[in-house]
Amino acid sequence: MKKIYILILLLTTFLKTLNAQDITVSGKVTSATDDKPIPGVNVLVKGSLRGTTSDIGGNYSLPAPPDGVLVFSFIGMQTKEVPVEGRRLINITMSEEEISLDEVVVVGYSTTSKKLISGSIDLVNEQEIDNIPLRTIDGVLQGQVAGLTVNLSSGTPGGQSSIKLRGGSSINASNQPLMVIDGIPVITGEFAQIGYLGQEINAMTDINPNDIESVTVLKDASATSIYGARASNGVILITTKKGNRDRTDVNLNFYYGWQTIPKERVIPMMNAAEWNEYKGTDVQGIDTDWMGEILQAGPTSNTELSVSSGNDRMRMFISGNQYSQVGAVKGTDYKRYSGRLNVDYKIVPNLTLGGGASMSYSDNSRVEGDATLYGPVPNAMSIPAIFPVYGPDGKYDESGPYANPVAIANETVNKAYTNRTNGNVYLEYKFLDGFMFSSKFGADFYTLREHEYDPITVRQGAKYNGLGIEGMRSVSNLVNNNVLQYIKTIKEKHNMDVLVGYSFEKFTRRDTYMEGIDFPNEKFQYIESAGTIRAASASALDRILNSFFGQLKYNYLYKYIFTLSARADGSSKFGKNNHYGYFPSASFAWRMSEEPFIKKTDFINELKFRASYGITGNDGISDFASLGLYGGGYNYGGESGTAPIQLPNPDLKWESTSQTNLGFDLSVAKSRINLTADFYYNYTKDLLLNRPIPASSGFYSISSNIGTMENKGVEFLLNTTNIDKGLVWTSSLNFSLNRNKVLSLYEDQPIDDMGRGGNRVEVGEPIGIFYGYNCLGVDPTTGYLVYEDINGDGVLTADDRTKTGDPNPDFVMGFTNVFTFKSFELSVFLHWLQGREIFNGTFIYLESGTGEDNQTKRMIDRWKKPGDITDFPKVGDTYLSSRFIEDGSYLRIKNVTLSYTFNRDWIRKVGMKSAKIYATVQNLYTFTKYEGMDPEVDYYGGSSNIIMGTDFFTYPQCRQVLFGFNIGF
C-alpha cells in the first residue's frame with residue numbers, strides 16, 4: 001500500500017511538472033474598429049516579468065505556462081486579459097479607448113501609426129496598387145500621390161520616366177526622389193550607353209509591383225531629413241510583401257491583352273495626291289501609309305504566382321512573374337522574368353533573423369527614336385507617301401529622303417538585356433525593457449548589356465558596311481544599416497521612441513563599350529567579326545557614403561506629438577573641406593480631436609495640425625566634381641601623355657534645401673470624409689553650377705556652389721465615402737500646385753538655348769522656360785511669318801527673343817472613383833494636368849513649307865496667294881518661336897477596370913478561397929488641345945532638369961485593353 005501511495009505521489013508531481021513547462025504562444029492582435037493589425041502592443045504573462053511586443057503586422061510570440069494568463073495593453077486601447085488554457089495560437093481584437101489606430105506606415109528606419117505622424121507623408125496601399133494593372137512602379141504611382149508628378153516620357157515598352165516631388169530642387173543635380181526597398185536604397189535611373197533619346201531604359205522596371213505591400217512617400221524635411229544628403233527631392237519607401245503567420249495563401253494573377261496607338265492621336269499626313277499638289281509633282285500609282293506600315297497591335301501578358309505562409313515562428317512569401325509587352329511600333333518589345341523570396345524566422349521570442357531576395361531578367365528590343373535620322377517613327381512621318389516600301393527587285397526602297405522606316409523596324413537589332421539581384425538580410429534583437437537592435441545588410445546588383453547591329457540592308461548599316469555596337473555596364477550598391485531603438489511609455493501618458501543609427505554605402509560601376517564596322521555580311525553581328533574597331537573604351541567608378549543619424553519621437557497622451565531628427569552624411573563626391581553635411585529637422589503635431597471640447601462633438605472624428613522645418617541635401621552630381629582630374633590620350637611625338645582636364649574645388653559641398661511645411665488632417669462624418677492639406681515653402685541654396693573663369697587658366701569654367709531657387713505650393717488629398725448602402729461609391733482626389741522660381745545664378749547670367757525647344761534658366765522665372773521669338777502670324781500679302789521686334793530696332797536679332805512658354809504645369813490632379821454593387825466593381829481613374837506648355841518640335845519639319853519632309857494635312861490650307869488669311873506660311877523657317885508652342889494641358893481617362901468577384905460559397909466547392917475576373921482599359925481617351933501625338937511625352941526622357949516639355953517625333957503612349965483573373969487558394 002505504501003508503494004502505491006509513493007507511486008501516486010510521484011506521478012502527481014510529474015504531471016504538475018509537465019503542466020508547469022512553458023509552451024510557445026503566438027498570434028495576431030487586430031483592431032476591433034477596422035480589423036487592422038496593431039503594432040507595439042505589450043503582451044505580458046500575468047504575474048511575471050516575461051513579455052514581448054507585437055510587430056508591424058500585429059504578430060507576437062512568447063513562452064507562457066499552459067495555465068497562465070496573457071495581458072494585452074496599449075495606450076488608447078482597452079487592456080485585455082486572456083487565459084492561455086493550453087492554446088498555442090491566440091488571436092485577439094482590441095477595442096479603442098481614447099484613440100483608434102489608423103494605417104501603420106513605414107517612416108525612415110521605423111514604423112508608426114499614421115495618426116501619430118507629425119510630418120508630411122502619403123501612402124499607397126496594396127489595394128490601390130492592385131487596382132492599376134500596370135507592371136512598373138512609376139506607372140502605378142502616377143496620379144496617386146499629391147505633389148508627386150510622374151511623367152511617362154514615351155510609350156516605349158520598359159522605358160524611362162520622370163518622377164518629381166514638389167517641383168524638384170536642382171538645376172544640374174538629380175531631381176529624382178530617393179528609392180528605398182525594405183530599408184535599402186536601390187539603384188535607379190538610366191544606365192544605357194547607346195543613346196536613344198526618349199527611349200531610355202528605366203532600372204526600376206525590373207521591380208514587380210505585385211510584390212509590393214505598400215509605398216510610403218516622404219515629403220517634408222521632418223519625414224525625409226533622416227535620409228540626409230539625398231532627401232531634398234523626397235523619399236519613396238517601398239515595402240514588399242511578407243508571409244502570413246497562421247495560414248497559407250496561394251494567389252494566381254493573369255491577364256492578356258493588346259496595345260495600340262489611338263487612331264485619334266496619329267497626326268494626319270499628306271497622302272500622295274496631296275503631296276503632288278503641294279510640290280507640283282506627278283508621281284502616280286504609289287500612296288504609302290508609312291505610319292500604318294510601322295504600327296501594330298502589340299500583345300501584352302502578365303502571369304504572377306505567389307505563396308504566402310507561416311506559423312508562430314516563421315513567415316515566408318515567394319513569388320514568380322513573367323511579363324511581356326510587345327510595342328505598338330514594330331521592332332519594340334519588353335520581356336521580364338522575376339522572382340522574390342522573403343523569409344522571417346523567430347529564433348527565440350526576442351531574436352528574429354530574416355531577409356529577402358529578388359532576381360529579375362529582362363529582354364528589351366528598342367528602335368531609335370527622337371532626334372535621329374534612323375528612327376521608324378520620325379522617318380515614317382517624314383517620308384512622303386509617293387515612295388514605296390519595296391522596290392521592283394523586292395528589296396527595301398531607299399530612294400526617299402530618309403532611311404526606310406520599315407527596314408529599320410524589321411532588320412536593325414537593338415537589344416538590351418538586364419540582370420538584377422536585390423537582397424537583404426537582417427537580425428533583430430529585443431532586450432531589456434523596450435530596447436531593440438537591428439542590423440541589416442543589403443546589396444543591389446544591376447547589369448545591363450546592350451547589343452546593336454545595323455546590317456547593310458538598312459541605310460545606316462550600308463553606310464558603314466555593317467555597324468555593330470556592344471556595351472556592358474555593371475552597377476552595384478552595398479548597404480549596411482545598424483539601428484538601436486528604445487520605446488518607453490511612462491505612467492501611460494508619456495510615450496517615447498528614440499533611435500540612433502549608422503549606415504554605410506558603397507557604390508561601384510564598371511563600363512565597357514566598343515564599336516565596329518566593315519562586317520562580312522548581315523549574318524555576322526558581333527564585334528569579333530568587324531573589320532575595323534572604330535571606338536573602344538572602359539571605365540570604373542567607386543564612391544562611398546558614411547552616415548550617422550538619430551531621431552526622437554515623443555507624444556503626450558497621443559495628443560501633443562514632437563519629432564526631432566538629424567543626420568550627418570560624409571560623401572566621397574565632395575571637396576575635402578566639406579566631406580560631411582548635417583541635416584536636422586523638427587516637427588510638432590496637435591491632435592485637437594483629443595481635446596475635450598472637440599470630443600464632445602460626434603461630427604469630428606480626427607483633427608490634427610502639423611508644422612515642420614528642416615534642412616535636407618542633394619548629392620546627385622557628377623562624381624569627382626571637386627577634384628582636379630587628368631586625362632589620358634594627350635600624346636606627343638609618338639609618346640603617350642596626360643593633361644589636366646578639370647580644376648579642383650576643395651570647397652564644393654552639398655546643395656541644401658530648407659523646407660517649411662504646415663498642414664492638417666481632418667476626418668468627419670464617421671470618417672466618411674477625410675481631408676489632408678499641406679502648404680510648403682522650400683528654399684534651395686548652393687546650387688551646383690559651372691562658374692566661368694579666365695581662359696588664361698586653360699579652362700573655361702569650374703564647378704561651384706553659386707545659385708538659389710525656391711518651390712512653394714499646396715497639396716490636398718480628399719477621400720470620401722459618397723454612398724454606402726446597396727451601392728458603395730468611394731472617391732479619392734489629390735491635387736497639387738507648385739510654383740518654382742530661380743532666385744539667383746552666377747552674376748544672374750541665364751543658362752540659354754538648351755535642347756530643341758530652346759529651354760532657358762533665368763532669374764525670376766521657373767526652370768526650363770521656353771525662350772525664343774514671338775510669332776505674330778502669317779503676313780497675308782507675302783505669305784511669310786512675322787515676328788515681334790521687341791527692342792524696336794527694325795532688325796530681328798537675338799535681342800528680340802522673349803519668354804514664349806512654360807513647360808511646368810499650373811496644377812496636377814488625380815481622381816479615382818470606385819463603385820461597388822454586390823459582386824461587381826467599377827474603378828475609374830482620371831489624370832488631369834493643367835497649364836503645361838509644349839514645344840512641338842515635330843512641326844518645325846512637318847509644317848515647314850519647304851524641304852523634302854512630308855507635311856501635315858493642315859498645310860493644305862497654307863498661304864497660296866495674296867489676301868489669304870491662314871496660320872500656315874508658304875515657306876516656314878527654323879526659328880524657335882511661339883509658333884510651335886502649344887497648350888499641353890490634358891485630362892486623361894487613365895484607367896477603367898470592371899471586375900466581378902465570385903461568391904465564396906460557390907468557389908469553395910472547387911477548392912478556391914477567392915476568384916475575380918476583370919477587364920481593363922488603360923489610356924482610354926485623352927482630352928487635349930495639343931496637336932501632337934501625346935501631350936505627356938518628352939523627347940529627352942526626363943534625364944535633364946532644364947530640357948523638358950519638348951515633343952520631337954516622340955513614341956506616344958498606347959491604349960491597352962486587358963482581360964484577366966485573380967484566383968486564391
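The side chains of threonine 920 and threonine 897 are joined by a polar contact of 2.9 Å in this predicted model. Threonine 920 belongs to strand β47, which covers residues 914-928. Its relative accessibility is 1%, and because buried means under 20%, threonine 920 counts as buried. Leaving aside residues up to four places away in sequence, threonine 920 touches Pro133, Asn895, Val896, Thr897, Gln960, Val961 and Leu962. One of these, glutamine 960, is 40 residues from threonine 920 along the chain, yet the C-alpha atoms of the two are separated by 7.8 Å.

The next topic is strand pairing. Strands of a sheet pair through backbone hydrogen bonds, in either a parallel or an antiparallel sense. Strand β23 (residues 435-454) and strand β24 (residues 467-490) run antiparallel and are joined by 20 bridges. Within this pairing, serine 439 has asparagine 482 of β24 as its bridge partner. On to the next strand, β24 is joined by 24 bridges to β25 (residues 494-517), again in the antiparallel sense. Here valine 483 is partnered by glycine 501 of β25. What lies between β24 and β25? The two strands form a hairpin with three residues between them, and lysine 491 in the turn has a positive phi of about 55°.

A sheet with mixed pairing is found elsewhere in the chain. Five strands make up this open sheet, in the order β10-β15-β16-β13-β14. Strands β10 (121-125) and β14 (184-185) stand at the edges with a single partner strand each, so one side of each has no neighbour in the sheet. Inside the order, strand β13 (residues 178-181) pairs with strand β16 (residues 235-240) in the parallel sense, over four bridges. Isoleucine 181 has isoleucine 238 in β16 as its bridge partner.

The whole structure holds 39 aromatic pairs. In one of them, phenylalanine 191 and tyrosine 446 form a tilted pair, with 5.7 Å centre to centre and 50° between the planes. Phenylalanine 191 lies in the loop between β14 and β15 (212-218), whereas tyrosine 446 is in strand β23, so the pair ties together parts that are 255 residues apart in sequence. Both phenylalanine 191 and tyrosine 446 are buried. There is also an aromatic cluster formed by Phe679, Phe716, Phe735, Phe811 and Trp832.

Helix α5 spans residues 272-279, and Ala272, Trp275, Asn276 and Tyr278 are buried in it. Why do these four count as lying on the same side of α5? They cover an arc of only 165° around the axis, which puts them on one side of the helix. At the start of α5, asparagine 271 places a side-chain oxygen within 3.2 Å of the backbone nitrogen of alanine 273. After α5 comes glycine 280, which has a positive phi near 75°.

Note on methods: Residues are numbered from 1 along each chain as its sequence is written. This is a predicted model: local features need pLDDT of at least 70, side-chain atom pairs count only at pLDDT 80 or more; totals for chains, interfaces and linings use all residues. Side-chain values use heavy atoms; hydrogens and water are left out. Two strands pair if DSSP finds at least two bridges between them. Buried means under 20% relative accessible area, exposed over 50%, partly exposed in between (1.4 Å probe, protein chains only). Contact means heavy atoms within 4.5 Å. A polar contact is a pair of N or O atoms within 3.5 Å; within protein, one must be able to donate a hydrogen and the other to accept it, and residues adjacent in sequence count only if both atoms are side-chain atoms. The arc is that of the directions from the helix axis to the C-beta atoms. Rings of Phe, Tyr and Trp (its six-membered ring) pair if their centres lie within 6.5 Å; planes under 30 degrees apart count as stacked, over 60 as edge-to-face and the rest as tilted.
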